[in-house]
Amino acid sequence: MDQMAVKIRAKDLNLFYGDFHALQDIQFSVPEKAITALIGPSGCGKSTLLRCFNRMNDLVENCRITGSIRIDGQEVVDDRTDLIALRKKVGMVFQRPNVFDLSIYNNLLFGLRIHRMVSGKDRILATIRWGLEQVGLWDELKDRLNQNARTLTLEQQQRLCIARVVILRPEVILLDEPCSALDPIATMRIEELLRELKRDYTIVIVTHNMQQAARVSDYTGFMYLGRLIEFGTTSQVFTNPRDRLTENYISGQFG
Amino acid sequence: MRRAITERIIETCIRLSGLVVILFVVLVFLFLLKDAVLLFGHYPLGQFLLGTKWLPISEPPSFGIIPLLIGSLYVTAGAIVLCVPVGVISAMFIAEVAPGPLKGILKSLVEILASIPSVVLGFIGLVWLGPFLKDLLGLRTGQCGLTGSLLLAFMALPTIISISEDALASVPKAFKEAAYGLGATRWQTLWRICLPAASSGIIAAVMLGIGRVIGETMVVMMVTGNSPVIPRSITQALRTLTATIASEMGEAVSGSEHYYALFAVGLVLFISTFLINLVADAFLRRARQ
């Protein structure tokens, strides 16, 4: 725990939706190039915390954040933060696969275009190929890149969403219950993919599925009623929790 | 048993109302066709379609439809060029940019706009817009195609705005979230994601707007100068197909060549709107795929 390199560090983080105090005094460090899971009962604030890291909460009206989040030492909770650069560096995958109503090709091209990353037909195609290879979709889809992405299976769509993020060469990938719309086999394969991706990326995954957290993550944070109750390596949190609440949650006494 | 009969009755009613629509279209077409063909007993079809002079009461009369077709074309094209971009951009503003309270106000204003009777618009065009354009552009007359185009554009705007706005508002929130999550700006999200996702609705809105423009009679009759000659520009007096029928029907003797010629004009109008709808449908189908 002590020797890990820290990628994201949240300090005294508080978040309010209007009068509702959704996150309370969060102190949290995300280790680099590892998978960190956030678990807890629904409504505990784990998705809200995740959405702080790429400032997606800005889209919510009446949302106010105090405290500090530093990614590579750079402050994120600041009006001057360049949200475009931040969201390129910190990509996000959502609960339901939200591919655009466009072709597979154009789904991937969108990000490349808005960040003006590559130009020229050949280089774009090479980049798209690389992106699809990262998520294991290239062989399946290479002959139908012009097909509408919404015709794919949910698992393929979710992989495409991951590719859409990966193709922008982010450093952090946030996943908000990425498997909740998928069947068990697809879930397993996505987890496998995440284990491969952690070599290159810092991954934070929110899940309501404790087994998933235990299977896939290196570190686990347990949240309850807007507080981060416990954080540690996954094996420690699951086998030897320090807090009574964590123990009760993990042993299935509430949730 | 009783339930089965009720089901039958309801089903038959629904089927009948569907058939009535088809029946009406066919009947209107036949009705126009019946009188229109009588013209071609006396007057050759080629001269009607390709003739460049519309002189219904001179001796011998001449029923060339080209001046009217071009008049309609000018006014319609002018109106479309004006109202489509303005309408779609207004819809984008209302759906995505305007803050809550302003959005509500704008939406009800657009609805009010839709309820202005066309004769009132024609009146405004006659006493204000026409003379204004005449002074502004130094025209010979303010009663010209441009005045008509502007007013027709104004009439089509509410249709285009409200239907496009609905289409944009029904784009799933998840698309926007995904785009913002990838680092897109509001404009990029709107332009590259929301607009394509709403495209079929927007095309439908534009087509309905165009339908309104082509069929409109009162405004164009009041403000376009009513002169059935081939206009060389949109700033000249002209006359549309619709205005021709409306202004000459009263004086044409029933059963005369002139009378049938007006039916033939109606038939041309009917066929052109039918074709436009067909094209629109093809577009919509492609957009849906």
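Biologist: How many residues of chain A are in contact with chain B, and what makes them count as contacts?

Modeller: This is a predicted model, so every value here is computed from predicted coordinates. A contact requires heavy atoms within 4.5 Å, and 20 residues of chain A meet 15 residues of chain B in this sense.

Biologist: What is the area buried between chain A and chain B, and which residues of chain A supply much of its share?

Modeller: The area buried between chain A and chain B is about 1,700 Å², and carbon and sulfur atoms give 69% of that area. On the side of chain A, the residues A:F100, A:F110 and A:I114 supply 29% of the area that the chain buries against chain B, which is more than any other three residues supply.

Biologist: How do you know that A:R51 and B:E177 form a salt bridge?

Modeller: The rule asks for a side-chain nitrogen of Lys or Arg within 4 Å of a carboxyl oxygen of Asp or Glu. In the pair A:R51 and B:E177 the closest N and O atoms are 3.1 Å apart, therefore the pair is called a salt bridge under that cut-off. Across the interface of chain A and chain B the rule finds one salt bridge, and the count of residue pairs in polar contact there, with both residues at pLDDT 80 or more, is three.

Biologist: Which elements of chain A give two or more residues to the side that touches chain B?

Modeller: They are α2 (83-89), α3 (104-114) and α6 (154-166) of chain A, and the largest share, three residues, comes from α3(A). Sorted by class, that side of chain A has 12 nonpolar, two polar and six charged residues.

Biologist: What makes A:K46 and A:E177 a salt bridge, and why does the pair tie together parts of chain A?

Modeller: The N to O separation in this pair is 4.0 Å, and the cut-off is within 4 Å, so A:K46 and A:E177 are listed as a salt bridge. A:K46 belongs to helix α1 (residues 46-53) of chain A, while A:E177 sits in the loop between β7 (172-176) and α7 (184-197) of chain A, so the pair ties together parts that are 131 residues apart in sequence. A search of the whole structure, over all chains, finds 21 salt bridges.

Biologist: What is the volume of the largest pocket, and which residues are closest to its centre?

Modeller: The volume of the largest pocket is about 700 Å³. It is lined by 22 residues, of which A:L59, B:K173, B:K176, B:Y180 and B:R186 are the closest to the centre. The elements that give two or more residues to this lining are α2 of chain A together with α3 (66-97), α4 (100-114) and α7 (173-181) of chain B, and α7(B) gives the largest share, four residues. By class, the lining of the largest pocket has 11 nonpolar, two polar and nine charged residues.

Biologist: What makes a space a cavity rather than a pocket, and how many cavities of 30 Å³ or more does the structure hold?

Modeller: A cavity is a set of points where a 1.4 Å probe fits but cannot get out, whereas a pocket is an open set. The structure holds one cavity of 30 Å³ or more, and about 50 Å³ of space lies in the largest cavity. Its lining includes B:S72, B:L152, B:E216 and B:T242. Both α3 and α9 (199-215) of chain B supply at least two residues of that lining, with the largest share, three residues, coming from α3(B). By class, the lining of the largest cavity has five nonpolar, four polar and one charged residues.

Biologist: How do you know that the peptide bond from B:E59 to B:P60 is cis, and where does B:P60 lie?

Modeller: The omega of that peptide bond is near 0 degrees, and the bond is cis. B:P60 lies in the loop between β1 (54-55) and β2 (62-63) of chain B.

How values were computed
Residues numbered from 1 in each chain as written. Chains lettered and ligands numbered in written order. Predicted model: local features only at pLDDT ≥ 70, side-chain atom pairs only at ≥ 80, totals over all residues. Heavy atoms only, no water. Buried area = accessible area lost by both parts, 1.4 Å probe. Polar contact = N/O pair within 3.5 Å; in protein donor to acceptor, adjacent residues only side chain to side chain. Nonpolar A, V, L, I, M, F, W, Y, C, P; charged D, E, K, R; others polar. 1 Å grid on protein atoms, 1.4 Å probe; cavity = no way out; pocket = protein on both sides within 12 Å on 5 of 7 lines; lining within 4 Å. Points joined across faces, edges and corners; volume = space filled by probe spheres on them.
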